[in-house]
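Reader: Please take a close look at one part of this model, the salt-bridge network and what surrounds it. Keep it brisk, and give the cut-offs.

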Amino acid sequence: LDADAAYTSVGADEDVGAEQTALGAVQRLVSPLACAEGTAALLQEAADAVRELIGYDRVMVYRFHADFHGEVVAESVREGVDSFMGLHYPASDIPAQARALYTRNPVRLIADVDAKAVGLVPPVLPGTQRPLDLSGAALRSVSEVHLEYLRNMGVGASFSVSLLKDGQLWGLMACHHLSPRTVSAARRQACEVLARLLSLQLSAEERSLESAGQARRASLLNALVLPNLGERSP
């Protein structure tokens, strides 16, 4: 069985028997993350694991820079599908209000970009005459501007999982499928757990790099200071 056939076979929409629980999925997929050496390898393993789990055509790890523009730093893509690896996107693509929602709600699924939105009945809350806050609702529709953005990219379905570091939005696992495709609740939960584990491992990797950098600086400082002290000795 070739790799792309395997990616397609898992994550089938039917999720027959719902035997694929979140825990079972994570248990199968965590081992490659634990063995990855370095941030780049870790992110690539995560992208491969999520694509295997949900069967989407493209899975990207999208990292925010200090000015909130995004960069695709890892990608798993089906053969024949365009690669976005290394591309940079302006901060306006994911504005502040959208980033705030991604921080609050780590998983977002758009199973069909052409699905028609259904309005609430009544449209405002009786007594308050204010609209219902659907920020935390999984069934909340998305901006038509964003849907048009996805259509212009040739995307039929979108699935995203937030990557948080110290409570702040570090990046996203952004998944695209060229046709409508749902992701079962169990697989969405598995991806969320996997993203949390990835975030913890990224934090540990960063702390390790910081410690190594401090050790190198201390070694260089000793190399510069100790000979000078020796020269001044009587």
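**The salt-bridge network**

Author: Asp114, Glu144, Glu148 and Arg151 are joined in a network of salt bridges. A salt bridge here is a side-chain nitrogen of Lys or Arg within 4 Å of a carboxyl oxygen of Asp or Glu. The model is predicted: local features need pLDDT of at least 70, side-chain atom pairs count only at pLDDT 80 or more, and totals for chains, interfaces and linings use all residues. Residues are numbered from 1 along each chain as its sequence is written, and side-chain values use heavy atoms, with hydrogens and water left out.

Take Arg151 and Asp114. Their closest N and O atoms are 2.8 Å apart. This pair links distant parts of the chain, 37 residues apart. Asp114 sits in the loop between strand E4 (107–110) and helix H5 (144–152), while Arg151 belongs to helix H5. Helices (H or I, at least four residues) and strands (E, at least two) are DSSP runs, numbered from the N terminus.

Arg151 also bridges to Glu148, at 3.1 Å from N to O. Both residues lie in helix H5, three residues apart, about one turn of the helix. An α-helix has 3.6 residues a turn, so residues three or four places apart point the same way.

How exposed are these side chains? Buried means under 20% relative accessible area, exposed over 50%, and partly exposed in between (1.4 Å probe, protein chains only). Asp114 is partly exposed at 46%. Glu148 is partly exposed at 37%. Arg151, at 28%, is partly exposed too.

Now the ends of H5. At its start, a side-chain oxygen of Ser143 comes to within 3.1 Å of the backbone nitrogen of Val145. That is a polar contact: a pair of N or O atoms within 3.5 Å; within protein, one must be able to donate a hydrogen and the other to accept it, and residues adjacent in sequence count only if both atoms are side-chain atoms. Just after H5, Gly154 has a positive phi of about 80 degrees.

The model has seven salt bridges by this rule. One of them joins Arg196 and Glu192, with the closest N and O atoms 2.9 Å apart. These two are four residues apart in helix H6 (residues 185–232), so about one helical turn separates them. Arg196 is exposed at 51%, whereas Glu192 is partly exposed at 22%.

A nonpolar core is a set of buried Ala, Val, Leu, Ile, Met, Phe, Trp, Tyr and Cys residues joined through side-chain atoms within 4.5 Å. The largest has 27 residues, and Val50, Phe159 and Leu198 are among those with the most contacts inside it. Helix H3 (39–54), strand E1 (58–64), strand E5 (157–165), strand E6 (168–177) and H6 each supply at least two residues. H3 gives the largest share, eight residues. A second, separate core of eleven residues includes Val72, Tyr102, Leu172 and Ala174.

Last, the cysteines. A disulfide is a pair of cysteine sulfur atoms within 2.5 Å, and the count by this rule is zero. Cys175 is buried, at 0% relative accessibility. Cys191 is buried as well, at 1%.
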